[in-house]
Amino acid sequence: MAHVVSLNDIWSMLDDCAKNHTRKASREYWAITFNGKTYRSLPLGPHGRRQNPEIETGHVRSLIRHLGISRECAEKHLNLN
């Protein structure tokens, strides 16, 4: 089974580690912009109620790498193993 983290935990990490980021929901994904780069593949979550869905850590690791967020800062908030 894949490791997952809650979307609220991802938002908390971004608020601390990528202070000037922006986020915009499209039909199926979140688009997160930081440092002039945009990551357009963070899932909204399963269909239906999407209050605080669980997101696979692979998506989160890709987000961190793509946007150039400090891995050390991100790991203070998230269990990415």
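This is a predicted model: local features need pLDDT of at least 70, side-chain atom pairs count only at pLDDT 80 or more; totals for chains, interfaces and linings use all residues.
A residue is termed buried when its relative accessible area is under 20%.

An α-helix has 3.6 residues a turn, so residues three or four places apart point the same way.

The structure holds one disulfide, formed by Cys17 and Cys73, whose sulfur atoms are 2.0 Å apart. Cys17 belongs to helix 1 (residues 7–17) and Cys73 to helix 3 (residues 71–77), so the pair ties together parts that are 56 residues apart in sequence. In general terms, a disulfide is a covalent bond between the sulfur atoms of two cysteines. The torsion about the S-S bond of Cys17 and Cys73 is about -90°, and the disulfide is therefore left-handed. Both cysteines, Cys17 and Cys73, are buried.

Three strands form an open sheet in the order 2-3-4, with antiparallel pairing. Strand 2 and strand 4 (37–43) stand at the edges, each with a single partner strand, so one side of each is left without a neighbour in the sheet. On average, neighbouring strands of this sheet are turned by 20° against each other, direction ignored. Strands of a sheet pair through backbone hydrogen bonds, either parallel or antiparallel.

Strand 2 (residues 22–25) and strand 3 (residues 29–34) pair in the antiparallel sense over four bridges. A hairpin of three residues joins strand 2 to strand 3. Within this pairing, Ile32 in strand 3 is the bridge partner of Arg23. Phe34 stands opposite Lys37 in strand 4, and Trp30 stands opposite Leu42 in strand 4. Strand 3 and strand 4 also form a hairpin, with two residues between them; Asn35 in this turn has a positive phi of about 55°.

In helix 2, the buried residues are Thr57, Val60, Leu63, Ile64 and Leu67. These residues cover an arc of only 115° around the axis, which puts them on the same side of helix 2. The elements that cover the buried residues of helix 2 include strand 1 (4–6), helix 1, strand 3, strand 4, strand 5 (54–56) and helix 3. Just after helix 2, Gly68 takes a positive phi of about 75°.

Two loop residues were considered individually. His21 is found in the loop between helix 1 and strand 2. The relative accessibility of His21 is 12%, so this residue counts as buried. A polar atom of the His21 side chain lies 3.5 Å from the backbone oxygen of Leu14, and a polar contact of 3.5 Å joins the side chains of His21 and Arg23. When residues up to four places away in sequence are not counted, His21 touches Leu14, Asp15, Ile32, Thr33 and Phe34.

Arg50 lies in the loop between strand 4 and strand 5. With a relative accessibility of 27%, Arg50 counts as partly exposed. Not counting residues up to four places away in sequence, Arg50 touches Arg27, Leu44 and Gly45. Arg50 and Asn81 are 31 residues apart in sequence, and their C-alpha atoms are 24 Å apart in space.

Note on methods. Residues are numbered from 1 along each chain as its sequence is written. Side-chain values use heavy atoms; hydrogens and water are left out. A disulfide is a pair of cysteine sulfur atoms within 2.5 Å. Buried means under 20% relative accessible area, exposed over 50%, partly exposed in between (1.4 Å probe, protein chains only). Two strands pair if DSSP finds at least two bridges between them. A polar contact is a pair of N or O atoms within 3.5 Å; within protein, one must be able to donate a hydrogen and the other to accept it, and residues adjacent in sequence count only if both atoms are side-chain atoms. Contact means heavy atoms within 4.5 Å. Axes are lines fitted to C-alpha atoms, for helices over the stretch in contact, and angles run from 0 to 180 degrees between N-to-C directions. The arc is that of the directions from the helix axis to the C-beta atoms.
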